[in-house]
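Thanks for coming. I have one structure to go through today, so let me put it on the screen.

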Number of protein chains: 2
Amino acid sequence: VNLASVETPAAVVDLSLVGANISRVVDYCRSHGIGWRPHVKTHKNRRLAQMQLDAGAIGLTVATPHEARVMSAVTDDLLLAYPPVGRVKIRRLMDLPEQVRLSVALDSVAVLEPLAKAAQQAGKTVGVLVELDVGAKRVGVSSAAEAIGIARLAAELEGVEYRGIAFYPGHIRSPQTEQGPALAQLSQVLADYLGSLGEADLEPRVVSGGSTPTLFRSHELPQLTEIRPGTCIFYDRDIAGMGVTTWNDLAYTVLATVVSVAVPGRAAIDAGSKALSKEAFRSSGDGYGVLLEHPEVVVASLSEEHGVLDITNTTWRPKVGERVRVVPNHVCVSVNLQDRLLVEEEGRLEAWAIDGRGRGLAPTSPVGV
Amino acid sequence: VNLASVETPAAVVDLSLVGANISRVVDYCRSHGIGWRPHVKTHKNRRLAQMQLDAGAIGLTVATPHEARVMSAVTDDLLLAYPPVGRVKIRRLMDLPEQVRLSVALDSVAVLEPLAKAAQQAGKTVGVLVELDVGAKRVGVSSAAEAIGIARLAAELEGVEYRGIAFYPGHIRSPQTEQGPALAQLSQVLADYLGSLGEADLEPRVVSGGSTPTLFRSHELPQLTEIRPGTCIFYDRDIAGMGVTTWNDLAYTVLATVVSVAVPGRAAIDAGSKALSKEAFRSSGDGYGVLLEHPEVVVASLSEEHGVLDITNTTWRPKVGERVRVVPNHVCVSVNLQDRLLVEEEGRLEAWAIDGRGRGLAPTSPVGV
């Protein structure tokens, strides 16, 4: 069995590149005394998470209760980087195995209080990181007074324990070489928060930040105790476009087949928006992906099952039936569309499940259970 | 069990609106003598397909071998509106139940010949529709000479049968009121093709076209024998923005929970790009969806699990824990992201599987089988 015989589209992972990508992050973090708590949203796979942990990751970051349950099989140290709201989600967290040391990032008393009550009733202690908005304008408090209020309540309530702060620098997406001023400004913002929290006797033990675009400049934020980048296990066109990594490190591609060359200047492949996702490219340029072996060829448009390649700027002349490998703009959402990962290692090919995909609900299980 | 108690994000379908949407299409098609062969890519669900067939659909359109297999349980008349390329895909088509009358739209000899050979070996006859490019620049031949060449070969080869032509007017996405000139031009293009095919003694029995944006103007293409719109079972923000339907017909929404109101002017919900898909809005305006009950509130940005609502233009003041219903830009790709559909009918709530989702490959089944 080899890639030439598999049905397309198929998600293909190069395991030796994954290993090298993991080592690079671990080495960087070790040399700067920062913990790596990879976000598993990128791969949602237990075996890849185990590789990250074996290499030195201090625990895992998850976004959903389903990811938490799936990953509790490989680690006892989980951060839910998402405010859990609603009876079902909180119950799912309480149902995690007893040995799991869970922390949760949240930004309101409205999230904190029900969580603390449920944890107390379950006889558990959940760690709390107060989420700060440092510019992404998504979630997070925007003043030291708010942060202190939530941190103090977390320190007082039964069932929870104040552990520190978290933030997501998702607004810093410029090329890596241009991130200096934004990171210097962020460092000052963090220093101010830490000063205020310290004065309130709420010094955080954990300062959790980080994203893949800013990954290798994390040392410019000396306050960090841990970072949570996830995309760095595979990388993608967006991240390569920012200069964070090179083309040779791209460990995930979508294998596709040319199905039509009838339209002049175009070639259609069988990877569409249901294999790649129709997310705009974040760096300069357009399209929804490029070919690994022909980086001058862009996926110019996407229908659900068709990717349309622009072949006006290449000497490559595709034929119907030819296989290509597409580098998606955003790998995390492409993985999430797949039935499984085809993992290549030294000529062997194995199917690995995307264990944490979706909500973990059986299609026909009773509603509301 | 009601919607207030289910975990979010959840895909919710209003079955009475689905029924009304189906009836409207069937009534329109009947009054104009056009067959409706709905594309199942939108819902991928057998029971919804059965409703379409019960109401009068002449068969179903599918895009993948997996959709074909799933839908062969509810109809014997299938059009694969996609060129099947590769050994596995062709074998899957040959493995469809014997009673299935399969047609395939294709645009090259390179696709036709292996298909004919496989069908002949399997003792089957597969219908062929020659795909024309009428402006979408995706797949399809662009001259009568090419169409005649493929049609003639299809008429001659064992294992296949020439049945007609197919096209996709995906380039006509302007507001419905402005489509007149484009449709008049398309009608002339079709007339030219039909004239040439007729002269070559290859008059098509089937002329298959149609998309939801042009659905209710299909009678302006008098050559059509059938149309394939799929989105018209649910509709979405894109289609409503084109004026094809009204806000009251939107039968699919993503139920979400407000998880943060910490950032001024923003509210975060737990439906992100992994529930809505980050596809740009096709009409004037931006964002990735709007709230059904508060259409002035746009999903201004999406992360994977966060939707960020812009609440600067509304008097609505969301609270953490509050439920909202999001109308996605493009319903088909949102459905494709869900574990299941929660179908509401007269106060009852049932989970329906998205049977045709993905490739139908078990996560851990052997590779290449």
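I will take a sheet in chain B, then a helix in chain A, then the cavities, and end on a single serine.

Keep in mind throughout that this is a predicted model.

Start with the sheet in chain B. Eight strands make it up, and the sheet is open, with parallel pairing. Reading across, the order is β2-β9-β8-β7-β6-β5-β4-β3. Which strands sit at the edges? In chain B they are β2, residues 35-36, and β3, residues 60-62, and each of them pairs on one side only. For a closer look at one pairing, take β4, residues 77-80, and β5, residues 101-106, of chain B: they run parallel and are joined over four bridges. Within that pairing, B:Leu78 has B:Leu102 of β5(B) as its bridge partner.

Now move to chain A and helix α2, residues 46-55. Which of its residues are buried? They are A:Leu48, A:Ala49, A:Gln52 and A:Leu53. Looking down the axis of α2(A), these buried residues fall within an arc of 145°, so they line one face of the helix. What covers them? Among the covering elements of chain A are the helices α1 (15-32) and α3 (65-71), together with the strands β2 (35-36), β3 (60-62), β16 (340-345) and β17 (348-353).

At the start of α2(A), A:Asn45 places a side-chain oxygen within 2.8 Å of the backbone nitrogen of A:Arg47. After the helix comes A:Gly56, with a positive phi near 130°.

The largest cavity holds about 220 Å³. It is lined by 21 residues, and those closest to its centre are A:Pro9, A:Ala10, A:Asp339, B:Arg359 and B:Leu361. Two elements give two or more residues to that lining, namely β1 (10-14) and β16 of chain A.

Last, B:Ser301, which belongs to strand β13, residues 298-302, of chain B. Apart from its neighbours within four places in sequence, B:Ser301 contacts B:Tyr288, B:His306, B:Gly307 and B:Val308. For a sense of distance, B:Gly149 is 152 residues away along the chain, and the C-alpha atoms of B:Ser301 and B:Gly149 are 49 Å apart.

That is what I have.

Technical notes. Residues are numbered from 1 along each chain as its sequence is written. Chains are lettered from A and ligands numbered from 1 in the order in which they are written. This is a predicted model: local features need pLDDT of at least 70, side-chain atom pairs count only at pLDDT 80 or more; totals for chains, interfaces and linings use all residues. Side-chain values use heavy atoms; hydrogens and water are left out. Two strands pair if DSSP finds at least two bridges between them. Contact means heavy atoms within 4.5 Å. Buried means under 20% relative accessible area, exposed over 50%, partly exposed in between (1.4 Å probe, protein chains only). The arc is that of the directions from the helix axis to the C-beta atoms. A polar contact is a pair of N or O atoms within 3.5 Å; within protein, one must be able to donate a hydrogen and the other to accept it, and residues adjacent in sequence count only if both atoms are side-chain atoms. On a 1 Å grid over the protein atoms alone, a cavity is a set of points where a 1.4 Å probe fits but cannot get out, and a pocket is an open set with protein on both sides within 12 Å along at least five of seven lines; lining residues have an atom within 4 Å of a point. Grid points are joined across faces, edges and corners, and a volume is the space filled by probe spheres set on the points.
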